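Ready for a few exercises on salt bridges, strands and cavities? Take a look at the entry below, then try each task before reading its solution.

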Amino acid sequence: MVKHTSISILKLLFMTSLLLCIAPSTEPCHPIDYKVLHEIQESMGSTPDLVSAFNLANDCCRGWAISCNENGRVIFFFASKGYTSTQIPSSISQLEFLQDFQFIYSPIYGSLPSTLTKLKYLTAIRVTGTNLNSTIPSFLGNMTNLLSIDLSSNSLHGPIPSSLGKIVGLTRLDLSNNHLSGQIPQSLGSCKALSFLDFSKNQLTGDVPKSLGQLNMEYVALGSNQLTGDASHLFQSKTGTLYLYSNRFAFNFSDVNVGSNLGYFDMSNNLVYGCFPPSIDNPVFYGFSVSTNRLCGPIPQSGTLQQFQADAFANNLCLCGRPSPPCSESFTRYINCYFFNHKFY
C-alpha cells in the first residue's frame, strides 16, 4: 500500500473547517439545552474531563466541546476520552438545533440511537475510533440533510444499507476499518454530490457498481476488501486519490483512461492484466504501486513513474524497463500490447 498522510490531513481539515464555520454565541446557553447537556453529562459519568468540556457550571456555550448559535442553542457537540463506557445518549436528540456531533476515540458501544432522526438540522455525524458494534442503521437514509457520515474505525458489521442512497446531498462517506460485509449498494450512485468515499479495510464482496463511476469523486478508497470484477470505471477525471489494493479486481489496464488529477494510486495485489495505457503519463504521481498483478510490457520512461522504486512494479507477469530489469531487444521490438490483453490466471 502507498504510505502517506493524506487521510489524516483530510480529516483534520474537515474538522477544522466545521469549527471555523460555527458562529460565536452572543447569548448564554439556552435553558432547554442546558438541561439536556446536564442529563447527557450524568449519563456519561460526570468525570472531571467531561465537566470541563461542557462547562455547565458557567456557560455551556463557552465549553470547549460545545458550540452554540447566536441564540445560545447548541449546534456542535464533541466527546472524546475521559468518561465512563456508555452508549450514545438518546437524549442528544433533544438538542433540537444540533448540526454536528462527534464521538472520537471514546468508550461508547452499542448502536446509533434511532432518535437521531428528530434532528432536522443535523448535517454531520462523526463516530470514529469507538466500540460501536452494531449494524449501520437503515434509518440514516431518512436523514436527508446529512452532508457527512464518518463511522470509521469501529466494530460495525453487516451490510452497507441501500437506504444511504436517499441522501442525495451527501458529500463524504467514510465507513473504513470496520467488519462490514456484502456488496456495495447500487443506490449510492444517486449521491451525486459525493466526493469522498472510503470503504477500505472491511470484508466487502462482489463487483463495484457501475453507478459509482458516474459520480466523479475526488477520493476513493476500497483497499483491503474482497471485491472482484471490473474497477476501470473508477478512474475519473476529478479523482486525486484511488486505492484499490488487496482485492481481486480483474480488468484490462490497457484501456483505462487515467485522469490528470490522479496523484495517489495503489492497485497492488489484484489480478489486473494488460499493459500501461498511454494516459498513465498524464498525472503527477506522489504515491504509486501496481505490484503483484498480471501486467506486462515496458514501464513508461516518461511522466513521473521513474521516481518510484522497483517494488512499486514488482511481481507482475512480465513488466520490464527501468526501474525493473531491462526489456530485451527482441521483446521491445516485437511486443504488441494487445497480445497481453487477456487474463493470465
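**Exercise 1. Find the residue that forms a salt bridge with Lys238 in this predicted model, and work out which parts of the chain the pair ties together.**

Solution. 
- Step 1: Start with the distance. The closest N and O atoms of Lys238 and Glu218 are 3.8 Å apart, which falls within the 4 Å cut-off for a salt bridge.
- Step 2: Check accessibility. Buried means under 20% and exposed means over 50%. Lys238 has 41% relative accessibility, so Lys238 counts as partly exposed. Glu218, with 42%, is partly exposed.

**Exercise 2. Describe the salt bridge between Lys210 and Asp230, and decide whether each partner is buried or exposed, or in between.**

Solution. 
- Step 1: The two side chains meet with an N to O distance of 3.3 Å.
- Step 2: Lys210 belongs to the loop between strand E13 (203-207) and strand E14 (219-221), while Asp230 belongs to the loop between E15 and strand E16 (241-243). The pair thus links distant parts of the chain, 20 residues apart.
- Step 3: Lys210 has a relative accessible area of 49% and is therefore partly exposed. Asp230 comes out at 26%, so Asp230 is partly exposed.

**Exercise 3. Work out where Arg73 and Asp33 lie and why each of them counts as buried or exposed.**

Solution. 
- Step 1: The side chains of Arg73 and Asp33 form a salt bridge of 3.2 Å, N to O.
- Step 2: Arg73 is in the loop between strand E1 (66-68) and strand E2 (74-79), and Asp33 is in helix H2 (residues 31-43). These are distant parts of the chain, 40 residues apart.
- Step 3: Arg73 has 8% relative accessibility and therefore counts as buried. Asp33 is buried because its relative accessible area is 0%.

**Exercise 4. Give the strand order of the open sheet of five strands and identify its edges.**

Solution. 
- Step 1: The order reads E9-E11-E13-E15-E17, and the pairing is parallel.
- Step 2: Strand E9 (157-158) and strand E17 (248-249) are the edge strands, each pairing on one side only.
- Step 3: Look at one pairing in detail. Strand E15 (residues 226-229) pairs with E17 in the parallel sense over two bridges. Thr228 has Arg248 in E17 as its bridge partner.

**Exercise 5. Which residues line the largest cavity, and how do they divide by class?**

Solution. 
- Step 1: One cavity of 30 Å³ or more turns up in a search of the whole structure. The volume of the largest cavity is about 30 Å³.
- Step 2: The lining consists of Leu234, Phe235, Gln236, Thr239, Leu242, Val258, Gly259 and Leu262.
- Step 3: Sorted by class, the lining has five nonpolar residues, three polar residues and no charged residues.

Technical notes:
Residues numbered from 1 in each chain as written. Predicted model: local features only at pLDDT ≥ 70, side-chain atom pairs only at ≥ 80, totals over all residues. Heavy atoms only, no water. Pairing = 2+ DSSP bridges. Helix = DSSP H or I, 4+ residues; strand = E, 2+ residues; numbered from the N terminus. Buried < 20%, exposed > 50% of the residue type's maximum accessible area, 1.4 Å probe, protein only. 1 Å grid on protein atoms, 1.4 Å probe; cavity = no way out; pocket = protein on both sides within 12 Å on 5 of 7 lines; lining within 4 Å. Points joined across faces, edges and corners; volume = space filled by probe spheres on them. Nonpolar A, V, L, I, M, F, W, Y, C, P; charged D, E, K, R; others polar.
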